[in-house]
Amino acid sequence: MSHTPGPWELSAQGSVYGSIEPQRHSLYYRKLIRPAIQTKRQAAEYGGTLAEQTANARLIAAAPELLTALEDLAAGFSVNSQADEIAIKNARAAIAKAT
């Protein structure tokens, strides 16, 4: 199974939505990826602080673009050193984990 295609958006309320039909700009055509966590109590129930949960939501919303960027970099990367080799190995492991 593959993930909901990007782009994903972070709403003003803190929910993350993925576009089912990106050409349409209505919540009716969007898929909820992560519900909003708006209170300290909700954040505590999920674990962490409200600030941490907000940061997590931003990261989740950026995930499809981050994955695409990492795939593009890994595909065109030239290994010139041991550090490069480690970096590309880590990038490929992250891509495998996400796909």
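How many helices and strands make up the secondary structure of the protein? In this predicted model, in which residues are numbered from 1 along each chain as its sequence is written, local features require pLDDT of at least 70, side-chain atom pairs count only at pLDDT 80 or more, and totals for chains, interfaces and linings use all residues. Side-chain values rest on heavy atoms, with hydrogens and water left out.

The secondary structure comes to three helices and three strands, these being DSSP runs numbered from the N terminus (helices H or I, at least four residues; strands E, at least two). Along the sequence the elements follow the pattern β-β-β-α-α-α. Of the 99 residues in the protein, 22% are buried, where buried means under 20% relative accessible area with a 1.4 Å probe, protein chains only.

The largest pocket has a volume of about 190 Å³. A pocket is here an open set of points, on a 1 Å grid over the protein atoms alone, where a 1.4 Å probe fits, with protein on both sides within 12 Å along at least five of seven lines, and lining residues have an atom within 4 Å of a point; the volume is the space filled by probe spheres set on the points, which are joined across faces, edges and corners. The lining consists of His3, Trp8, Ala63, Pro64, Leu67, Leu70, Ala94, Ile95 and Ala98. Both α2 (50-75) and α3 (82-98) supply at least two residues of this lining, and α2 gives the most, with four residues.

Definitions and conventions:
Buried < 20%, exposed > 50% of the residue type's maximum accessible area, 1.4 Å probe, protein only.
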